[in-house]
Amino acid sequence: MTSDSYTFAKNSMSLYDIINKRRDVRAQFSGESIDTNILKKILQAAHSAPSVGLSQPWDFILIESESIRKQFKEHVEIERESFNNVLDNDRKGIFANIKIEGILESSLGIVVTYDPKRGSPAVLGRNTIDEAGIYSVCLAIENLWLAATAENLGVGWVSFYKEEFLAELINLPNGIKPIAWLCVGPVTHLETVPDLERFKWRKRMSLDDVVHYDSWNNRSLENKISDEKLD
Ligand SMILES: Cc1cc2nc3c(=O)[nH]c(=O)nc-3n(C[C@H](O)[C@H](O)[C@H](O)COP(=O)(O)O)c2cc1C
């Protein structure tokens, strides 16, 4: 194992190992194909996610087509440029070093979509919080991401796109919303530090930065949770 990257061990990893090892991958795809059984396993893991009202409002569109991928990549390049245009010069300099997708280098694209009509009209648990449907799709994506990590695959989430463009590109029916384009495939290694931190875009916060006690205003600094010993 090198100091700044993980190589994969053959033995199985614990859930916490997998959670810690998972990375958003852009530059490390090897381009090798994905074993069909493993692809089924990671899709099944996604499909086993919790969902509001057991609506299972997701679909997975597997994108192998070179032509679709190239068209999507061209679109993402345009959206990258629009984002770049709103940055100040310092941020532009940092952003220039950051790769934001591995659309062509990965072995497979998986577009994950949301169908708000599935299980309707009365989706149990979505009555007051409409977004609960999209939360469910995001849980499916996280399941897929962790399962892929356990299977020594990398996943990269691409969101630099206009939803209408992607919907039209892959013929989504009206009302079906694309939630993510995932770049998926074997990798040479996973970095131990997120790219955005490695390239100095942003640092990860500590757990204590985000834990509150009883009310938003109480950060109880003298009793930090990270000082507790974990088994
Ligand atoms: C909703 C969502 C959208 C994202 N979109 C992109 C993206 O368009 N391009 C990219 O390079 N990374 C994208 N990411 C990955 C994040 O940048 C990454 O998760 C974060 O920097 C932490 O790194 P890690 O996943 O390696 O821990 C996205 C992640 C999420 C959850």
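The protein has seven helices and six strands, where helices (H or I, at least four residues) and strands (E, at least two) are DSSP runs numbered from the N terminus. Read along the sequence, these elements follow the pattern β-α-α-β-α-α-β-α-β-α-β-β-α. The model is a predicted one, so local features are held to a pLDDT of at least 70 and side-chain atom pairs count only at pLDDT 80 or more, while totals for chains, interfaces and linings use all residues. Residues are numbered from 1 along each chain as its sequence is written.

On overall shape, the C-alpha trace spans about 55 × 45 × 45 Å along its principal axes. A compact globule of 231 residues would have a radius of gyration near 17 Å, and the protein has 19 Å, which agrees. That radius is taken over C-alpha atoms, and the globule rule is 2.2 Å times the number of residues to the power 0.38. Buried residues make up 24% of the 231 residues. Here a residue is buried if 20 or more other C-beta atoms lie within 10 Å of its own, exposed if 12 or fewer, and partly exposed in between, with C-beta atoms placed from the backbone. As for contacts (C-beta atoms, placed from the backbone, within 7 Å), 83% of those between residues at least 6 apart in sequence join residues at least 24 apart.

Next comes the core. In soluble globular proteins, nonpolar side chains tend to be buried together. A nonpolar core is counted as a set of buried Ala, Val, Leu, Ile, Met, Phe, Trp, Tyr and Cys residues joined through C-beta atoms within 7 Å. The largest one here holds 33 residues, and Val112, Ile141, Leu144, Ala148, Val155 and Leu182 touch the most other members. At least two residues of this core come from each of helix H2 (36-47), strand S2 (58-63), H3, strand S3 (108-114), helix H5 (132-150), strand S4 (153-158), helix H6 (163-169) and strand S5 (177-186). H5 gives the most, with eight residues.

Buried in H5 are Gly133, Ser136, Val137, Ala140, Ile141, Leu144, Trp145, Ala147, Ala148, Thr149 and Ala150. An α-helix has 3.6 residues a turn, so residues three or four places apart point the same way. The buried residues of H5 pack against H1, H2, S2, S3, S4 and S5.

Ile141 counts as buried, with 21 C-beta neighbours inside 10 Å. Not counting residues up to four places away in sequence, Ile141 touches Ala46, Val112 and Ala180. Ile141 and Leu43 are 98 residues apart in sequence, yet their C-alpha atoms are 9.3 Å apart in space. Leu144, again leaving aside neighbours within four places in sequence, is in contact with Ile42, Ala45, Ala46 and Val155.

Helix H3 (residues 66-85) is another story. Its 20 residues should span 28 Å at 1.5 Å a residue, and the end C-alpha atoms are 29 Å apart, which agrees. H3 is hardly covered, though: two of its 20 residues are buried.

Just after H5, Asn152 takes a positive phi of about 65 degrees, although Asn152 is not a glycine. This residue sits in the loop between H5 and S4 and counts as partly exposed, with 17 C-beta neighbours inside 10 Å. Asn171, also not a glycine, has a positive phi near 60 degrees. Asn171 is in the loop between H6 and S5 and is exposed, with 8 other C-beta atoms within 10 Å. A cis peptide bond joins Ser120 and Pro121, with omega about 15 degrees; Pro121 lies in the loop between S3 and H5. Asp35, in the loop between helix H1 (15-21) and H2, is exposed, with 12 other C-beta atoms within 10 Å.

Around it are Arg23, Asp24, Arg26, Ile100, Glu101, Trp157, Val158, Ser159, Phe160, Pro194 and Leu196, taking a residue as near if its C-beta atom, placed from the backbone, lies within 6 Å. By class, this shell has six nonpolar, one polar and four charged residues. Ala, Val, Leu, Ile, Met, Phe, Trp, Tyr, Cys and Pro count as nonpolar, Asp, Glu, Lys and Arg as charged, and the others, Gly among them, as polar.

Key
Expected span 1.5 Å × (residues − 1). Contact = placed C-beta atoms within 7 Å.
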